[in-house]
Each structure stands twice: as C-alpha cells, then as structure tokens.
Amino acid sequence: MLWSGWGDPAKAAPLPDPVVGLLRDLLGVKTPRDAGAAAPVPLGEIKVRDSRLDDAALDALRAAVGAAHVRLDDESRVRHTRGKSTPDLLRIRNGDVDDAPDAVVLPGTHDQVLDVLKVCARRRIAVVPFGGGTSVVGGLAPQGVDAFVALDLRRMDALVSVDEVSRTAVLQPGLRAPQAEALLRERGYTLGHFPQSYEWASIGGFAAARSSGQASAGYGRFDEMVVGLTVATPEGMLDLGRAPRSAAGPDLRQLVLGSEGAFGVITSVTVRIHPVPESAAYEGWRFASFETGTAALRRLAQDGPMPVVLRLSDEAETMVGLADPGAIGGGLPDAAGCLAVVGFEGTADEIAERRATVHDVLTEAGGEALGAGPGEKWEHGRFNAPYLRDSLLDAGAFVETLETATFWSGIPALYAAVKSALTTTLTEAGTPPLVMCHISHVYATGASLYFTVVSAQGEGGAREHWAKAKHAANNAIISAGGTISHHHGVGTDHRDWYAWEIGPLGTGVLRAIKDRLDPAGILNPGVLVPPAGQE
C-alpha cells in the first residue's frame, strides 16, 4: 500500500491535460506548482517522535509475539499512521505524523492477540487493530492516549477451513480480500464481497466496519454473510455463532460486527460462501432524471427480480463520467440523463431469463437500454476511484466522499439536504464544489446515497474547509432522518453524530458493554464510543 495515497503507486496515472484544464475552468483548481505548494515530503525524510513505550513494556510485547514482530522503525510506524481519508492523506503528505503508533505489533495467533491485550491492559497502552488500513472515518486514530500500538493482523492470513456441506468458510482476520477470494476459488467458491476497498481491505476489517460490497444486491452486506466470530478481549475470548440463526437471546455477533475494534479484536470469521458463477454480464441504462431512476431501482428492489449489481448515478456524476474513472470526463454520449449499471451472474440461461424480465421492468419505468458498453466499463474500472482521488490531489484538487442511507420515502429530502449543505458551506469558504451522488446499495425498504465532492484545495485551508462542510453534511444527514453511515463506519469522524442517532440511553448501553469487555479502556479509545459524560 502506498504510504501517502492508495494502493499500488503504478496504478495512479496523472490526469490528462484536458481534465486538468476542466478543473481549472470549472472549479478554479490550481496545480500545486501554480499555487506555490511544496512537493509531498519523501518517506525517508519523515521523522517520527521517539516511542513512548519503556523497555519493560517492549520486552513484554516481544515475549508475547516474538522480538521480530515488534517494530519500532520509522517507516513501519508511518505506514500505520491513520487511514486513507483525504484529510489523512493531506496531513501525511506534509509529513505530519504526530499521532504515529509507538510500535507496530504483529501477532500470529489468537492466543498471541490475547497475550498482547493482557500486556497492554496492565500497562494502560492503547491498542488499535490494523487490517488493510483503509479506514476513511478516523477509525485508526485513537484519542486521549499516552501511548498506543498498532496491532497489525497480517500474519493471521489463512483460510482455516471450508465446510462444503454447510457452504461456510473460516477465515483469519488479516487475510486480504483478493487472497481470500483466490483461496476460495481454488475450491470452487466465492465470497461475493467486492467493496471499492477490495484490493487492500482485510476480512477482519470488513466485519469490524460492517462493510458493504458492490454486489450487495445479490450477495448481501458483509454482516449478513457472517455466521460466526471469534473475538479476543482484555477480559478473555468470545466464541459466537453456534447456528445460522437462533432464538437464544440477542445475537451477540451483531454486537461485534461494526464495533471497529472498540470491544475486541476479531481473530476469525466464519462466512457463508457460494459456488463461483458460470458467467457474469453488465449493462447500462439511461434515465431522464435521478428521481425517475430512483423509482425504477425501487421497483426492482421491492418487486424483483433483483440483479446482483444495481447502481444509479445522478446527473452530475453521469455528466462527469465517474462511473468509469478510467475515462473521466466522458459521461454518457450524446444526451443528458442518469446512468444506471445493472449486473447479472449465473448460467447463460439464468442471466438471459433475468435480463429479459429486468429489461421489461426498467423500460416500463422509463429507462433506455444502452447495451453492455457502460456496464462493462464500470466493471473494468470498479476499483479505480481511489487511484483517481490520488491523481486529483496531485493536480491540486480536493476530493472526498461521504455516504448515508434512509428509507425510500426519505431519499429525495436526504439527497437535497446533503447536497445543499456541502455546496453552501464550501462556496462560502471560497471553494465552490461539484457535488455528485449515486445510489450504491438497495433494499426493499430503502437505499444508500454515496456523495463525491470535488473542489479547489484553496489557500492552505483544504482540511479546515472540509471539516466545516463535513460537519454541515453530518448535521443535514441526521436532521433529514438518515443514518450517519451506511458502510464507511463511525470511527472518530462520525462518533458524535452516531451518539445523536442512538440517543443518550443507547450511548450508555454501548459504554456499559465497553466497560465490561475493556475495563482499562485500551481498545481503540475514542472510536465509536463517546467518552463518559458526552451522551
């Protein structure tokens, strides 16, 4: 993973000159050279403060996992500093690593994780579980700590077992998604989970953040895939999931899913798996407006048949061509409107039958079939958007995303409120934005909205401008009845609005759970659960 950006550096191609010119003319973006900005600080020149861990603590950690698996070098600590939000990247590009971990610890087993937690609980050393490092909501930035370690789970990367009768698999948390998919496909199975972070995110991270993949219409969210969990806590082990469903009290699996390391460290995940489909097909549809397209998606979500992939871009996102990051600026040919991408999997006969029915539904709902081209372009570039973000930052633009969800009846008001909050706040800051949106996940009762914001970075205040805009957007989400996050998670960035969403009693319940599982308060402090007195 690129320390100052996303993924494989070789995949981040510079923006074409016409796109740079469009950014300049449309949004007033100045290239770093034109703005007189300094180049990003090279990794080798970044100096990290001395570790705050004393010799006794380091010796105890080395005894727990082995001396070779406790790292104090600057590069390891820089690479485990914060996550991959745009503010995170802007800070690290400037060499700001004041909140780097004091050590990186790499356990190899569940028992080693338990030993590390015991060591850290005794010494009040905070522990931040680290999978792929792809958090974009401050999920890797503990607050109010004297010292902390990044608990990197990459050594725990095995496919433990496959139960072909039940069609389940046990995966370790440090297994990255492409590795997991490759191992399962060797057995003829797929997990079917392909979020935008797919290339770098880990299985444990998917569970800890309630991830949702691009094929969620067919395979479901990751929390729906999980049937069992093993969790290490400072107070011992939780082994959850004796059956696919149970009436034996509240489901404690749901307590761990989405807990972002605040309640424990996930050390294994049991998931449902599916036979690898024989083939897949993707196609594009045009709708005259976002409202019309939304109504069409709702018809499929409520009455069927459901494709595996179902997405809809609004007019602005369609115009820019963001559904195909490799050809940004292209948009739909010849006409305005909104682009929908529909994907199918199965045998050739199954795909043909379902496509025919979906075609009838979408045509009746006002859609125009565009053929396979737009869908195949989306499928080919489906993981490229984070690389595009890096290229935009290099060109002097600011780009960030946020997402939410609500019931179908609330989609129009939520969409308008968030777009207005972002546009108004950034325009007042002197960096008028282009705000784009798409529906990325659909359900019978509602859908998610995923916003992308592009603006000039402004004169030295990009992070400050975004902080105000994000604050306004978060307020708008809660006021309009949306959830503060559909799949990015809570972290520290959304924590206070999450408390607003669940109310003082709900916040108190979370704190009581954390106090029982983590009485020393060492697990990802400040993430998910507000400090005492902040209900």
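Me: Why does Tyr282 count as buried?
Reply: Tyr282 has a relative accessibility of 10%. Buried means under 20% relative accessible area, exposed means over 50%, and partly exposed is in between (1.4 Å probe, protein chains only). With 10%, Tyr282 therefore counts as buried.

Me: What should I keep in mind about these values?
Reply: This is a predicted model, where local features need pLDDT of at least 70, side-chain atom pairs count only at pLDDT 80 or more, and totals for chains, interfaces and linings use all residues. Residues are numbered from 1 along each chain as its sequence is written, and side-chain values use heavy atoms, with hydrogens and water left out.

Me: What makes Trp378 buried rather than exposed?
Reply: Trp378 has 4% relative accessibility, so it counts as buried.

Me: How many aromatic pairs are there?
Reply: The structure holds seven. Rings of Phe, Tyr and Trp (its six-membered ring) pair if their centres lie within 6.5 Å; planes under 30 degrees apart count as stacked, over 60 as edge-to-face and the rest as tilted.

Me: Why is the pair of Tyr282 and Trp378 called tilted?
Reply: The ring centres of Tyr282 and Trp378 are 5.8 Å apart and the planes stand at 55°, so the pair is tilted.

Me: What makes this pair a tie between parts of the chain?
Reply: Tyr282 is in strand β12 (residues 279-287) and Trp378 is in helix α15 (residues 372-380), so the pair ties together parts that are 96 residues apart in sequence. Helices (H or I, at least four residues) and strands (E, at least two) are DSSP runs, numbered from the N terminus.

Me: What makes Tyr415 and Phe451 a stacked pair?
Reply: For Tyr415 and Phe451, the distance is 6.2 Å centre to centre, and the angle between the planes is 20°, which makes the pair stacked. Tyr415 belongs to helix α17 (residues 411-428) and Phe451 to strand β18 (residues 446-456), so here the parts tied together are 36 residues apart in sequence. Both Tyr415 and Phe451 are buried.

Me: What stands out in the largest nonpolar core?
Reply: A nonpolar core is a set of buried Ala, Val, Leu, Ile, Met, Phe, Trp, Tyr and Cys residues joined through side-chain atoms within 4.5 Å. The largest one has 57 residues, and Leu422, Ile439 and Leu449 touch the most other members. Apart from that core lies another of 38 residues, including Leu171, Ala215, Val269 and Trp378.

Me: What makes strand β10 mostly covered?
Reply: Strand β10 (residues 265-272) has eight residues, and seven of them are buried.

Me: How do you know which way strand β6 and β10 run?
Reply: Strand β6 (residues 168-171) is joined to β10 by four bridges, and the two run antiparallel. Two strands pair if DSSP finds at least two bridges between them. Leu171 stands opposite Val269 in β10. Strand β8 (residues 226-233) also pairs with β10 in the antiparallel sense, over six bridges.

Me: What is the order of the strands in the open sheet of four strands?
Reply: The order is β1-β2-β4-β3, with mixed pairing. At the edges stand β1 (70-71) and β3 (126-130), each with a single partner strand, so one side of each is left without a neighbour in the sheet.

Me: Why is helix α16 called largely enclosed?
Reply: Helix α16 (residues 385-394) has ten residues and eight of them are buried, so the rest of the structure largely encloses it. Among the buried ones are Tyr387, Arg389 and Asp390.

Me: Why does Arg167 count as partly exposed?
Reply: Arg167 has 41% relative accessibility, so it counts as partly exposed. Its phi is near 55°, a positive value in a residue other than glycine. Arg167 sits in the loop between β5 (159-163) and β6.

Me: Is Asn524 buried or exposed?
Reply: Asn524 has 1% relative accessibility, so it counts as buried. Asn524 has a positive phi of about 45° although it is not a glycine.

Me: Why is the chain called as compact as a globular protein of that length?
Reply: The chain has 19 helices and 18 strands. Its radius of gyration is 23 Å, close to the 24 Å that the globule rule gives for 535 residues, so it is as compact as a globular protein of that length. That radius is taken over C-alpha atoms, and the globule rule is 2.2 Å times the number of residues to the power 0.38. Of the 535 residues, 56% are buried.
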